[in-house]
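Please look over the sequence and the 3D structure below before reading on.

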Amino acid sequence: MNVNRRQILAAAMALSCSLGLGTAHAAAANYPVKPITVIVSYPPGGDTDAIARLFAEKLSERMKQTVVVENKGGAGGVLGNSFVSRAPADGYTLLFTPNPFTTAPMVLRLAPSASYDVLNGFEPIIQTATQPLILVANPNAGFKTVAEMIAAAKGGKPVTYASPGAGSPMHVVAEWLNRSAGVKIQHVPYRGVGPSVTDVVAGHVNTAWVTIGAVSQYLANGRLVPLAIGDAKRTPLAPNVPTLVELGYKDVIVGAWNGFFAPKGTPVDIVNLLNSHLNEIVKQPEVVTKLGVFGALPAGGAPSVLRNTNASDFEVMGKIIKDLGITAE
């Protein structure tokens with residue numbers, strides 16, 4: 001029989017591909033055989049940690065395996081994110097993160113050992129939720145609308161805003177509004193949403209950009225006043241609050257999201273299996289209700305949805321951060 005070199009190479013490649021597919025299928029078929037660890041790159045007690053634990057509990061129930069949450073906070077989420085990027089790509093170490101995942105490396109001076117590749121260093125699994133951002137004010141600040149706030153700033157009154165940290169979506173939307181309105185409302189950064197809310201309620205700062213769940217009780221009892229939403233459209237979580245777009249700042253659109261990633265190279269069958277389970281979880285009425293408590297709306301979809309959202313933030317937010325000169329303070 002006459003077999004040439006090209007035929008031999010083709011046969012070898014076909015065998016290699018079939019073996020690779022078989023290995024991937026086998027990995028998913030036997031997965032999980034031990035506990036799964038979900039890394040949260042922030043301290044316990046915040047929205048991100050609470051939402052991660054909600055999904056971990058539900059994922060454990062569906063997969064009949066223990067799913068534990070481990071907090072690795074520090075450096076705006078970079079330490080935990082970097083840890084996962086270097087973890088074994090076997091599906092047993094996952095990352096749950098909000099979207100500062102995308103922007104933190106842009107505003108922090110990172111050693112190579114602490115950095116990670118935002119676009120190519122992970123396997124996206126699912127975008128679990130979106131969290132509209134809201135601008136709130138202390139009722140004694142002297143203004144109850146964005147127009148009044150801008151007028152106060154232009155009139156020379158010291159106006160301040162709190163955010164959960166430099167480079168956060170809250171910081172970016174506030175500085176973008178500053179530039180669009182031609183004012184300089186002073187940034188007061190905090191280590192997390194909780195402390196920023198505490199100080200705006202106490203009147204130590206005039207305003208704050210936060211997620212809705214963090215301030216819902218204070219909006220309900222009148223201890224904070226809502227001024228605007230950062231998303232392109234109004235949110236059902238605060239339907240009476242106008243967007244910055246409605247108020248004339250047509251390009252100022254910044255929101256928050258969260259989702260699951262796995263280390264680069266995690267078998268696609270494992271990624272798809274996790275995506276399938278999490279898509280079912282995000283539809284559960286109990287989960288939808290609890291997300292609403294945290295000021296979040298369920299998302300879901302294929303891994304490509306998270307990949308595209310992350311890439312869009314990398315491009316759009318990256319340009320804004322560069323143009324505005326936003327860095328860690």
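**Pockets and chain of a predicted model**

The residues that line the second largest pocket divide into twelve nonpolar, six polar and four charged, where Ala, Val, Leu, Ile, Met, Phe, Trp, Tyr, Cys and Pro count as nonpolar, Asp, Glu, Lys and Arg as charged, and the others, Gly among them, as polar. This is a predicted model, in which local features need pLDDT of at least 70 and side-chain atom pairs count only at pLDDT 80 or more, while totals for chains, interfaces and linings use all residues. Residues are numbered from 1 along each chain as its sequence is written, and side-chain values use heavy atoms, with hydrogens and water left out.

**Second largest pocket**

- A pocket is, on a 1 Å grid over the protein atoms alone, an open set of points where a 1.4 Å probe fits, with protein on both sides within 12 Å along at least five of seven lines, and its lining residues have an atom within 4 Å of a point.
- The second largest pocket has a volume of about 380 Å³, a volume being the space filled by probe spheres set on the points, which are joined across faces, edges and corners.
- Of the 22 residues in its lining, Asp231, Ile253, Val254, Gly255 and Ala256 are the closest to the centre.
- At least two lining residues come from each of β4 (122-131), β10 (256-263) and α11 (303-324), and α11 gives the most, with five; helices (H or I, at least four residues) and strands (E, at least two) are DSSP runs, numbered from the N terminus.

**Largest pocket**

- The largest pocket has a volume of about 1200 Å³, and of the 44 residues that line this pocket, Tyr42, Pro164, Tyr190, Arg191 and Gly192 are the closest to its centre.
- The lining of the largest pocket has 22 nonpolar, 18 polar and four charged residues, and α4 gives the most to this lining, with four residues.

**The whole chain**

- The protein chain has eleven helices and eleven strands, and 49% of its 329 residues are buried, which means under 20% relative accessible area, with a 1.4 Å probe and protein chains only.
- Among contacts (heavy atoms within 4.5 Å) between residues at least 6 apart in sequence, 78% join residues at least 24 apart.

**Ile150**

- Ile150 lies in helix α5 (residues 146-154) and is buried, with a relative accessible area of 6%.
- Leaving aside residues up to four places away in sequence, Ile150 touches Ala181, Val183, Ile185 and Tyr249.
- The C-alpha atoms of Ile150 and Gly182 are separated by 8.7 Å, although these residues are 32 apart along the chain.

Key: Buried means under 20% relative accessible area, exposed over 50%, partly exposed in between (1.4 Å probe, protein chains only).
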